[in-house]
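Subject: Structure for your files

Hello,

Here is the structure I said I would send. My notes on what I found in it follow below.

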Amino acid sequence: MADLKRTVLYDLHVELGARMVPFAGYEMPVQYPMGVLKEHLHTRAQAGLFDVSHMGQILLAPKSGRIEDAALALERLVPVDLLGLAEGRQRYALFTNETGGILDDLMVANRGDHLFVVVNAACKDADLAHLRAHLSDTCDIAAVTERALLALQGPAAETAMARLVPDVVDLRFMDVAIRRWDGVELWISRSGYTGEDGFEISVPEGFAEKLARKLLDMDEVAPIGLGARDSLRLEAGMCLYGHDIDETTSPVEASLAWAIQKARRRGGAREGGFPGAERILSELETGPARRRVGLRPEGRAPIREGTQLFAADSGGEPIGQVTSGGFGPSVGAPIAMAYLPADLCEGDIIHAELRGRRVPARIAALPFHQPSYKR
Amino acid sequence: MKFTEDHEWLRPEGDLVVVGITQHASEQLGDVVYVELPEAGRAVSEGDEIVVIESVKAASDIRAPLDGEIVEINQEIVDNPALVNEDPLGKAWFFKMRPADPSKLDGFMDEDAYKAMIG
């Protein structure tokens with residue numbers, strides 16, 4: 001696999017028997033010998049350790065020294081209230097484009113005198129250029145290149161992590177903190193991409209393997225690959241950039257209006273002022289023409305990304321398309337997400353075309369699996 | 001027992017041939033969550049895609065290894081797809097067929113040749 005990058009945990013993945021695949025320019029573990037299904041269920045029952053070091057970590061430091069200036073500057077690129085983001089807290093955000101589409105989704109944390117941003121691996125170079133193009137006047141922008149990123153997810157994540165850093169028990173969902181472990185700084189957030197309680201931990205590369213081994217030595221913790229990461233986030237109703245959201249989908253269409261706080265909406269204290277505001281603000285008021293919904297196919301056959309959806313069991317033009325789909329191990333049935341006309345409601349039946357046949361599927365509430373965050 | 005390049009195994013049983021997938025194939029597929037089998041009585045031609053297997057990762061097909069007729073299918077793997085991972089060479093057979101020309105069975109790989117192919 002030439003030209004692919006490796007994370008600092010590559011050798012550990014291989015030692016653990018991972019099957020490595022190309023993903024976003026990296027060689028990443030898709031599964032370990034346990035297999036996707038058991039890895040998924042293990043994460044829901046105990047705790048799973050994920051290597052997400054391929055993701056982009058970025059620091060935004062205000063040149064003025066005032067965090068408000070960094071927050072206001074970043075607000076120019078996202079429809080999110082960042083001025084209202086308290087120190088030690090993290091928030092989900094979206095880079096929008098001029099037509100109201102989504103360039104990437106990200107996490108933004110307020111760390112007192114600067115912002116810490118985590119972005120998708122496939123978008124990180126473009127995101128960095130985007131930030132530099134628009135924020136260089138007010139912020140020093142630094143890509144964090146010498147830190148790995150681990151995610152520890154599941155109901156036993158707190159017990160496991162507290163053995164290394166006891167006061168992580170004080171963190172609530174979406175809190176962030178810097179803690180010392182083994183002489184180095186861990187940048188810890190209580191968040192994740194599975195619908196489970198857990199942590200994301202940024203660690204200096206030279207200590208990442210030691211931290212991973214410490215956690216993996218614990219009975220509760222197993223290594224989990226990208227396969228189960230995908231089925232876990234799908235059950236949790238979370239978007240995968242490039243699949244469920246992209247430059248053509250607006251945040252409102254993507255059912256992500258919850259990420260747009262009052263302050264940025266019409267009549268809010270800092271209404272608009274982000275790319276694509278005109279479309280996004282009007283969609284918030286009048287509703288979008290299509291929106292992202294959950295689907296529960298009847299029967300056992302999974303419907304995958306790209307599957308065309310129809311109103312009737314024969315004939316007609318497609319009314320939408322599946323953007324993520326597969327089998328939900330904790331749901332015990334096939335599940336999918338799709339864009340469908342907004343006048344369709346939860347409980348309505350549509351038809352998915354599968355190998356020349358139409359299979360009924362019911363529009364279902366997201367998430368498929370109720371999260372268990374520690375609020 | 002004989003093997004196809006598509007990782008099926010073929011086991012003669014009287015004048016029928018029992019067809020399933022190999023251990024290697026089941027490991028490559030990962031956890032199987034859905035199996036769709038042809039109807040018993042269906043006439044098939046070599047290469048017809050007659051079985052759909054979906055794992056947590058992807059969908060794949062099984063082709064008819066020979067011309068002939070599907071005589072019996074294994075409903076147990078439709079009801080419990082995980083059996084394909086648990087016992088691919090035993091309980092998780094897929095279908096039994098009556099080949100139009102039983103002598104064609106000789107043309108497939110034996111176990112040594114199959115093992116050499118998968119390395």
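This is a predicted model: local features need pLDDT of at least 70, side-chain atom pairs count only at pLDDT 80 or more; totals for chains, interfaces and linings use all residues.

Four salt bridges are found across the interface of chain B and chain A. One salt bridge joins the side chains of A:Arg304 and B:Glu54, with N to O at 2.6 Å. On the side of chain B that touches chain A, the elements that give two or more residues are helix H1 (23-29), strand S4 (32-36), strand S6 (49-55) and helix H2 (75-79) of chain B. By class, that side of chain B has eight nonpolar, two polar and six charged residues. Side chains of opposite charge can pair when their charged atoms come close.

In terms of contacts, 16 residues of chain B meet 13 residues of chain A. The area buried between the two chains is about 1,300 Å², and carbon and sulfur atoms give 46% of it. There are also 12 residue pairs in polar contact across the interface of chain B and chain A, counting pairs with both residues at pLDDT 80 or more.

For chain B itself, an unreviewed UniProt entry places the feature "domain: Lipoyl-binding" at residues 16-98.

Next, the domains of chain A. The domain assignment gives domain 1 (5-52 + 146-235) and domain 2 (289-375) of chain A. Their C-alpha centres lie 30 Å apart. In contact are 17 residues of domain 1 of chain A and 19 residues of domain 2 of chain A. How much area do domain 1 and domain 2 of chain A bury between them? The value is about 1,500 Å², with 58% of it on carbon and sulfur atoms. On the domain 1 side, A:Phe173, A:Leu234 and A:Glu235 lose the most area to domain 2 of chain A, together 46% of what that side buries.

Between domain 1 and domain 2 of chain A the count is one salt bridge. A separate entry in my notes is the salt bridge of A:Lys374 with A:Glu158, where the closest N and O atoms are 3.1 Å apart. Polar contacts across the interface of domain 1 and domain 2 of chain A come to 14 residue pairs, both residues at pLDDT 80 or more. Helix H2 (36-45) and helix H7 (226-235) of chain A each supply at least two residues of the side of domain 1 that touches domain 2. That side of domain 1 of chain A divides into six nonpolar, three polar and eight charged residues.

UniProt also annotates chain A. The feature "domain: GCVT N-terminal" (unreviewed entry) is placed by UniProt at residues 9-262 of chain A. The end C-alpha atoms of residues 9-262 of chain A are 41 Å apart, and the span is 26% helix and 31% strand. The UniProt annotation "domain: Aminomethyltransferase C-terminal", again from an unreviewed entry, covers residues 290-368 of chain A. For residues 290-368 of chain A the end C-alpha atoms lie 20 Å apart, with 0% helix and 54% strand in the span.

Over all chains, the structure holds 36 salt bridges. One pairs the side chains of A:Arg179 and A:Asp167, N to O at 2.8 Å. This pair links distant parts of the chain, 12 residues apart: A:Arg179 is in strand S11 (residues 176-181) of chain A, and A:Asp167 is in the loop between helix H5 (157-162) and S11 of chain A.

Two points of backbone geometry remain. Most residues other than glycine have a negative phi, and most peptide bonds are trans. A cis peptide bond joins A:Leu366 and A:Pro367, with omega about -5°. A:Pro367 is in the segment after strand S20 (357-364) of chain A. A:Ser255 is a residue other than glycine with a positive phi, near 60°. A:Ser255 sits in the loop between H7 and helix H8 (277-286) of chain A.

Regards

How values were computed: Residues are numbered from 1 along each chain as its sequence is written. Chains are lettered from A and ligands numbered from 1 in the order in which they are written. Side-chain values use heavy atoms; hydrogens and water are left out. UniProt positions are given in the numbering used here, feature names are shortened, and annotations may be inferred rather than shown by experiment. Contact means heavy atoms within 4.5 Å. Buried area is the accessible area (1.4 Å probe) that two parts lose on being put together, summed over both. A polar contact is a pair of N or O atoms within 3.5 Å; within protein, one must be able to donate a hydrogen and the other to accept it, and residues adjacent in sequence count only if both atoms are side-chain atoms. Helices (H or I, at least four residues) and strands (E, at least two) are DSSP runs, numbered from the N terminus. Ala, Val, Leu, Ile, Met, Phe, Trp, Tyr, Cys and Pro count as nonpolar, Asp, Glu, Lys and Arg as charged, and the others, Gly among them, as polar. Domain bounds come from an automatic or database domain assignment.
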